[in-house]
Amino acid sequence: MIKKRKIPLGSPVIIDTIKSKYNLKNEANREIALMPEGIVADYSSELSGEFLIVKLRSNIEIKVSDNELSECTRNYYFSDEIFSSGLVKRIKDFFKIEFVLTGSREIKSLLNPFTFLKWIKFTIKDVF
């Protein structure tokens, strides 16, 4: 069973003003074409398909299909990359990390008594 992804409610979307019915050539929809940015307010299922109800920045609500969204919006929400949950992603990232197991030279120098005596001599010299 193939599950179609939905754009989450409240997500920002941009309407394509070239290919969709909301273009500058259409006088009735010119106000929509001038500001095609909005957020997803609701979903609408009809016989012809599933539509998004988008509330534009100009407080106009319109009904659009997935094909009427801009190319960048479709690429962002419907890309082929699978977004895994937080825990699974963290586990995968942990295994991708390459650990370099080399000793820290700073810790070795602190434990060296000769270096400690040099440090004491340097500190006392500055005080007196």
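Helices and strands are DSSP runs, helices of at least four residues (H or I) and strands of at least two (E), numbered from the N terminus.

**Figure 1. Overall arrangement of the predicted model.** The structure shown is a predicted model. Along the sequence, the elements follow the pattern β-α-β-β-β-α-α-α-α, which comprises 5 helices and 4 strands. Of the 128 residues in the protein, 23% are buried. Among contacts between residues at least 6 apart in sequence, 48% join residues at least 24 apart.

**Figure 2. Pairing of strands 1, 2 and 3.** Strand 1 and strand 2 (residues 37-46) run antiparallel and are joined by 3 bridges. Within this pairing, Pro12 has Ile39 of strand 2 as its bridge partner. Strand 2 is also antiparallel to strand 3 (residues 49-56), with 8 bridges between them. Here Ile39 is partnered by Lys55 of strand 3. A hairpin of 2 residues connects strand 2 to strand 3.

**Figure 3. Surroundings of Thr17.** Thr17 is located in the loop between strand 1 (12-14) and helix 1 (30-34). Its relative accessible area is 25%, so Thr17 is partly exposed. Beyond its neighbours within four places in sequence, Thr17 is in contact with Tyr22, Asn23, Leu24, Ala33 and Pro36. The C-alpha atoms of Thr17 and Ala33 are 5.7 Å apart, although the two residues are separated by 16 residues in sequence.

**Figure 4. Glu68, a buried acidic residue without a salt bridge.** Glu68 occupies the loop between strand 4 (61-64) and helix 2 (71-77). Glu68 is buried, and the nearest side chain of opposite charge, that of Lys21, is 4.2 Å away. A salt bridge requires a side-chain nitrogen of Lys or Arg within 4 Å of a carboxyl oxygen of Asp or Glu, and Glu68 has none. The side chain of Glu68 instead reaches the backbone nitrogen of Ser65 at 3.1 Å. Leaving aside neighbours within four places in sequence, Glu68 is in contact with Ile15, Asp16, Ser20, Lys21 and Lys63.

**Figure 5. Salt bridge between Glu37 and Arg57.** The count for the model comes to 3 salt bridges, one of which joins the side chains of Glu37 and Arg57 at 3.0 Å, N to O. Glu37 belongs to strand 2 and Arg57 to the loop between strand 3 and strand 4, so the pair ties together parts that are 20 residues apart in sequence. Glu37 is partly exposed, with a relative accessible area of 27%, whereas Arg57 is exposed at 55%.

Figure 6. The closest N and O atoms of Glu46 and Lys63 are 2.5 Å apart in their salt bridge. This pair links distant parts of the chain, with Glu46 in strand 2 and Lys63 in strand 4, 17 residues apart. Glu46 is partly exposed at a relative accessible area of 37%, and Lys63 is partly exposed at 34%. The side chains of Glu71 and Arg74 meet in a salt bridge at 3.3 Å, N to O. Both Glu71 and Arg74 lie in helix 2, 3 residues apart, about one turn of the helix. Glu71 is partly exposed, with a relative accessible area of 43%.

**Figure 7. Positive phi at Asn59.** Asn59 lies in the loop between strand 3 and strand 4. Its phi is near 60°, a positive value in a residue other than glycine. Most residues other than glycine have a negative phi. Asn59 is exposed, with a relative accessibility of 60%.

Technical notes
Residues numbered from 1 in each chain as written. Predicted model: local features only at pLDDT ≥ 70, side-chain atom pairs only at ≥ 80, totals over all residues. Heavy atoms only, no water. Buried < 20%, exposed > 50% of the residue type's maximum accessible area, 1.4 Å probe, protein only. Contact = heavy atoms within 4.5 Å. Lys, Arg positive; Asp, Glu negative; His and termini not counted. Polar contact = N/O pair within 3.5 Å; in protein donor to acceptor, adjacent residues only side chain to side chain. Pairing = 2+ DSSP bridges.
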